[in-house]
Amino acid sequence: MEKNESGNTMCDAIVVGGGPAGCSAALFLARSNRRVILLDKAKFPREKVCGDAFSGKSVGIARELGVLPEIEKAHQGIVRGLLMVAPNGKKVNVPFRKGPGLEFAGYTVERKLVDDAFFTAARNEPNITLHENFSVTGLLKDEMGRVCEVTGKDLATNEEMKFHSRVVVGADGAGSTISRLLAHPPQPLEHIYTAIRGYWSGIDGLSDDIELFFIDGVLPGYLWVFPMEKGRANVGLGILSSDLKGRKKHPNTILLEAIATHPLLSQRFANAKLEGRIGAWAIPNGSYVKKNFGDGWVLVGDAASLVDPFSGEGVGNALCSGKYAAQAIDAALNDVKEGALPASSLEAYSKMVDERLRPEMLDSYRLQRLSRFRFLLNLFIGKAADKPEARQMIINMMGSNDEKKKVTSPLFYLKLLLP
Ligand SMILES: Cc1cc2nc3c(=O)[nH]c(=O)nc-3n(C[C@H](O)[C@H](O)[C@H](O)COP(=O)(O)OP(=O)(O)OC[C@H]3O[C@@H](n4cnc5c(N)ncnc54)[C@H](O)[C@@H]3O)c2cc1C
């Protein structure tokens, strides 16, 4: 790649973070013939604490980027349905449908493998220059106040380096350094889940269903069992960080106690073994609307707080936001011929997020707030277990915002109460 007069490497865009959001942005830009520098502090393949559910939107973008065959090769489980368990122990099974526009079925696949598939695609892309083991620590602005350079350190050699570009994409996840350097205020705790997960082997009674347990002390979050290979599962839970404040019990204790005592788990886990340690990370929810563009920068994925507030799924929105950012940046580079891109040229990205991702996240936020009420969950899951029409609503809800809205309307619960 070319250097400018000061010897800095020049490119169209710098993407900070090589997870799903960053790889998506980098790959879509590169395929529009833009020159990209992709920086990540980790060396790939690297671990990522996650529930490992790869579904819906994620499958669609992986296919579009040509990465799906690698993920299908790597997958450990196929998801064909959902088991929901109410706080009172009542349960319902719902099969997922698959069809045009209804891509419910997905995979469980360790994030180390998913992220490596995307990162390898970026590695093979001639328009992308990769720097792994590179930790970004600073941003520099031009005389117009637009971000135009990132600084950081190669963690292998300790060499300080800087890179110059026309736009910086912050794709550096939940603890985003870029967000902090841009002086975003800290995200309120009621819009963050603290989530933990571990891998257990030797579990009885696993099927192709992902299992969600709504249990006291965790609501509006849930405990999950996501089946991987035979008898092995990713097991974890997410609790709103605001609910954890001042609480004596550590989330690990809540998880281990639930596994040992829940009537639908304890027998199945009697001979199960925890592999390695339980990992924890933050999930920044899309219920919090964060500024995601400005002079010379955009934020994507977790750095932009785009996780579904009900399900906790973030990979799909990370991939989509990377794509939208790339489309907006490509158009802006066509319009503005030189220098760092002004905020006005990048606003299209934020509009795409608001039109295509925000409505679903807001509906999910309504669902999340309702899920705080155990009697509603007991009613909803109990009725769904008995009434085929209510079960059908859950199936529809997984694929449609309109159906999600119905579930958040008081009329829906009145109808459920009718015999
Ligand atoms: C316990 C748990 C379970 C979850 N389960 C699911 C699930 O089942 N399905 C789902 O879809 N989502 C799930 N999520 C959410 C999902 O993990 C995230 O939404 C997703 O990883 C976001 O992708 P991203 O690319 O924005 O960020 P990340 O995947 O976090 O990638 C960020 C990258 O930036 C790099 N980086 C960070 N700082 C710097 C820096 N200063 N310099 C250079 N590089 C840097 C990191 O090394 C990393 O590679 C879960 C999250 C948690 C915590």
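**Reading the helix contacts and loops**

User: Why are H8 and H9 called roughly antiparallel to each other?

Analyst: Happy to walk through it. H8 and H9 pack at an angle of about 150 degrees, with their axes 8 Å apart. Angles under 35 degrees count as roughly parallel, over 145 as roughly antiparallel, 65 to 115 as roughly perpendicular and the rest as oblique. About 150 degrees falls in the class over 145, so the pair is roughly antiparallel. The axes are lines fitted to C-alpha atoms over the stretch in contact, with angles from 0 to 180 degrees between N-to-C directions. Helices (H or I, at least four residues) and strands (E, at least two) are DSSP runs, numbered from the N terminus.

User: What should I keep in mind about the model itself?

Analyst: This is a predicted model, in which local features need pLDDT of at least 70 and side-chain atom pairs count only at pLDDT 80 or more, while totals for chains, interfaces and linings use all residues. Residues are numbered from 1 along each chain as its sequence is written, and side-chain values use heavy atoms, with hydrogens and water left out.

User: Which residues of H8 and H9 meet?

Analyst: From H8 come Ser321, Tyr324, Ala325, Gln327, Ala328, Ile329 and Ala332, and they meet Ser345, Leu346, Ala348, Tyr349, Met352, Val353 and Arg356 of H9. Contact means heavy atoms within 4.5 Å. By class, this contact has 10 nonpolar, 3 polar and 1 charged residues. Here Ala, Val, Leu, Ile, Met, Phe, Trp, Tyr, Cys and Pro count as nonpolar, Asp, Glu, Lys and Arg as charged, and the others, Gly among them, as polar.

User: How does the reach of H9 from its first C-alpha to its last compare with what is expected?

Analyst: H9 (residues 343-356) has 14 residues and reaches 20 Å, close to the expected 20 Å at 1.5 Å a residue. That expected span is 1.5 Å times one less than the number of residues.

User: Which residues of H9 are buried, and what do they pack against?

Analyst: Ala343, Ser345, Leu346, Tyr349, Ser350, Met352 and Val353 are buried. Their partners are strands E13 (160-170), E19 (293-294) and E20 (297-299), together with H8 and helix H10 (358-370). Buried means under 20% relative accessible area, exposed over 50%, and partly exposed in between (1.4 Å probe, protein chains only).

User: Why do H11 and H12 count as roughly perpendicular to each other?

Analyst: H11 (residues 374-386) and H12 (residues 388-397) pack at about 115 degrees, with axes 5 Å apart, and they are therefore put in the roughly perpendicular class. Phe380, Lys383, Ala384, Ala385 and Asp386 in H11 meet Pro388, Ala390, Arg391, Ile394 and Met397 in H12. These residues divide into 7 nonpolar, no polar and 3 charged.

User: How do you know whether Leu306, Thr129 and Asn33 are buried, partly exposed or exposed?

Analyst: Set each value against the cut-offs. Leu306 has a relative accessible area of 1%, so it is buried. Thr129, in strand E10 (residues 128-131), stands at 29% and is therefore partly exposed. Asn33, in the loop between helix H1 (20-31) and E2, has 60% and so is exposed.

User: What is Leu306 in contact with, leaving aside its neighbours within four places in sequence?

Analyst: Leu306 sits in the loop between E20 and H8. Its contacts are Pro284, Gly286, Gly301, Asn317, Ser321, Tyr349, Val353, Arg358 and Met361. Leu306 and Gly286 are 20 residues apart in sequence and 4.4 Å apart in space, C-alpha to C-alpha.

User: What makes the backbone at Asn33, Pro45 and Pro220 worth a look?

Analyst: Most residues other than glycine have a negative phi, and most peptide bonds are trans. Asn33 has a positive phi of about 70 degrees although it is not a glycine. The bond from Phe44 to Pro45 is cis, with omega near -5 degrees, and the bond from Leu219 to Pro220 is cis, with omega near 5 degrees. Pro45 lies in the loop between strands E2 (36-39) and E3 (53-54), and Pro220 in the loop between strands E15 (209-213) and E16 (223-227).
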